[in-house]
Amino acid sequence: MRTHEAAAIGPLDPVGAVNTARSDGVHAAWLPPEAFGAIGARHSLVCGDGVLVDTVRDEISRACARYGGSTDRPPPRPASPDRPAAGTPYDLVLALVPAALLPVTAAAVQVGYQRRHGAGALGEEGFLLARHAEVTVVLAEAPAGLLYGLFHLVRLGESAFGLTRPTELHRPAVRLRMLDHWDNVDVHPVTGQVERGYAGGSIFWRDGARRDDLTRVGAYGRLLAACGVNAVSVNNVNVHATEARLLTDGLGDVAAIADVLRPYGIRVHLSVSFAAPVALGGLPTADPLVDGVRTWWADTTRDVYESIPDFGGYVVKADSEGQPGPFAYGRSHADGANLLADALAPFGGVVHWRAFIYDHRQDWRDRSTDRARAAHDHFTPLDGRFRDNVILQVKHGPMDFQPREPVSPVLAAMPNTRLAVEFQATQEYTGQQRHVCYLAPWWSEVLGFAPWGDGGPTVADVAAGGGLVGVSNVGDDPFWTGHPLAQANLYAFGRLAWDPRLDPVAVLDEWIDLTFVRPAPGCPGPVRRALHAIMDDSWRTYERYTAPLGVGFMVRPGHHYGPDVDGYEYTPWGTYHFADRDGVGVDRTRTSGTGFTGQFPPPWRDVYESPDRCPDELLLFFHHVPYGHLLHDGSTVIQHIYDTHFAGYEQVVTMRRRWEGLAGRLDPGVYDRVRERLDEQLRCAQEWRDQVNAYFFRKSGVPDARGRPIH
Ligand code: GCW
């Protein structure tokens with residue numbers, strides 16, 4: 001098996017355009033050795049102590065061994081970091097400086113540190129980057145800052161050593177930048193080793209046990225640190241019997257993973273079962289208000305911290321899709337979350353309590369129950385009742401990671417609760433890593449959305465104190481993410497979590513620079529041009545050939561891949577489009593529908609309420625309209641469906657052609673894998689186009705105005 005995997009990545013391309021293969025057969029993703037060329041060729045000094053500073057040193061030493069530079073430790077006597085030892089010119093200095101000394105040190109190296117920032121401006125993870133007198137300087141107050149500073153230099157490459165650079169202060173906008181793995185320890189009979197995983201097995205677990213060799217986990221931690229992620233939860237939020245035991249007998253395995261991730265500044269979190277006191281502790285109840293239950297969680301949590309002193313905390317999916325929760329005891333979710341929060345508080349841990357609660361046994365005949373309303377209905381009455389170390393983890397949309405949804409109104413309705421926004425990097429509903437679908441533009445739109453209207457706070461502002469969580473798309477596949485281009489989603493998740501204002505196209509550029517060749521300045525390069533052409537708009541392309549105008553869920557039930565327009569129409573899951581011969585869409589208005597529009601603050605409650613003002617791309621999410629309804633561009637709904645489906649398919653044809661233009665320019669392993677997936681994407685896009693068009697033609701009887709073939 002391993003040999004087969006190793007063979008998946010071929011030898012280096014003679015053109016030398018791309019160099020990302022590793023001897024162990026695992027793709028280097030955005031950290032190929034070449035990405036360290038600029039640093040490795042320099043003389044550098046690293047000042048500071050601790051595990052993370054050692055990581056910085058190791059990274060630089062390895063790069064120097066390859067590229068001929070050198071790296072020193074600080075001289076015995078403290079000296080000015082720009083020329084720390086007289087007569088020893090350094091090109092690069094990375095220094096950990098006590099917060100109180102930062103202004104002085106910065107002044108000494110003339111990096112333009114602004115006094116108004118005062119001491120402590122960089123915080124736990126920030127860094128200052130400057131260039132003065134031909135020395136590039138990175139200063140940090142805490143070790144993680146130095147690590148992030150190093151990876152920033154990697155991103156900059158040679159330009160970090162250019163003639164001049166303005167001083168830059170970097171610190172993350174969002175404190176908790178976390179990836180949730182939906183990995184099972186046992187291979188689950190229905191969901192497998194990784195629930196909704198499209199990249200092979202788990203990097204942590206295999207066939208019921210932790211993997212002995214955690215080298216891959218270390219490499220993963222390194223990739224995550226390089227894009228800014230600082231927390232990982234290592235098991236599925238659907239906690240089955242074996243996985244529940246990670247909290248007690250399996251703790252050693254979690255600790256082993258934590259040991260491997262620690263040098264990259266990543267804390268480990270664990271998904272736990274709310275019923276653990278019963279299932280593991282032998283108690284008769286898991287009622288959050290019973291003393292014995294509280295004591296059990298307090299004792300168990302203390303043991304966790306004895307094994308893993310920097311343990312991040314618990315993730316909980318309660319009363320959702322069959323998982324146990326406080327409702328069984330007539331208690332609220334605040335009672336449930338606070339129980340765990342109290343157990344974690346003495347150690348500085350947090351509870352990520354998921355807001356994904358809805359009735360999955362709904363009667364499809366009942367048009368008044370609306371799954372989109374559920375999280376808001378359940379949680380907003382609890383605002384202000386959660387402890388400070390509870391983070392309510394809210395999926396970005398009110399339904400479930402569809403290619404298009406409005407922003408969840410919960411994000412605008414709980415001012416007294418810490419909120420985290422959850423994205424799905426694993427492409428459950430966006431092509432399952434067989435389709436190219438660069439998700440950063442979608443996430444960026446969500447993060448920039450202003451729930452109270454333009455000029456007001458954005459979703460990113462709301463998440464700043466809670467966090468951003470991504471469901472990981474990684475597995476033991478040699479390319480990490482199955483589809484090599486899906487690596488960009490993981491990279492972009494970390495970067496947007498660090499700075500939500502980043503332009504997704506610029507983030508893609510960073511990823512291209514690191515992962516593929518960095519072309520000469522001024523030359524866009526064929527690889528870069530083709531990747532932008534294929535990826536920049538790929539999410540919208542996916543949207544075009546799948547479910548139209550925000551309606552969602554026209555996928556095959558269960559595995560959720562490929563089209564099935566009525567697949568979820570007459571099911572208990574609350575996922576309907578209500579197409580009939582006259583029209584399509586879900587009436588969620590206050591006037592005549594489920595009233596969901598009323599969960600938004602102004603102006604959106606009124607914008608969404610009105611079929612004329614509602615943005616086209618969300619029209620069918622909010623309204624049931626006739627097929628002849630006119631969109632803002634003057635097209636009818638039915639014609640829009642036909643046009644976008646034909647166009648989306650054609651765009652995939654173009655994508656595939658662009659990729660073929662890269663033959664011979666890329667590592668053959670990467671080239672072949674993407675090409676193979678594009679073939680499948682094309683097949684599937686055609687199926688989507690034909691099924692959706694045929695379905696609506698047969699329902700409505702309205703022909704395509706342009707007379708194209710509809711079956
Ligand atoms: O979208 C649904 C997925 C489930 C997942 C659930 C959740 C982990 O189909 O596989 O369960 O969301 O987010 O909890």
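Biologist: Which residue stands opposite Leu128 in β6?

Modeller: Leu169 does. This is a predicted model: local features need pLDDT of at least 70, side-chain atom pairs count only at pLDDT 80 or more, and totals for chains, interfaces and linings use all residues. Residues are numbered from 1 along each chain as its sequence is written; side-chain values use heavy atoms, with hydrogens and water left out.

Biologist: How do you know that β4 and β6 pair?

Modeller: Strands are DSSP runs of E, at least two residues, and helices are runs of H or I, at least four, numbered from the N terminus. Two strands pair if DSSP finds at least two bridges between them. β4 and β6 (residues 168–170) have three, in the antiparallel sense. So they pair.

Biologist: What makes β4 and β5 a pair?

Modeller: Five bridges, again antiparallel. Leu128 stands opposite Leu139 in β5. The hairpin has two residues between the strands, and Ala133 takes a positive phi near 50°.

Biologist: Why is β4 called largely enclosed?

Modeller: Buried means under 20% relative accessible area (exposed is over 50%, partly exposed in between; 1.4 Å probe, protein chains only). Five of the six residues of β4 (residues 127–132) are buried, so the rest of the structure largely encloses this strand.

Biologist: Where does β4 sit in the order of the open sheet?

Modeller: The six strands run β2-β1-β3-β5-β4-β6, with mixed pairing.

Biologist: What makes β2 and β6 edge strands?

Modeller: Each pairs on one side only.

Biologist: How do you know that β1 and β3 are joined?

Modeller: Four bridges link them, and the strands run parallel. Ser44 has Leu92 in β3 as its bridge partner.
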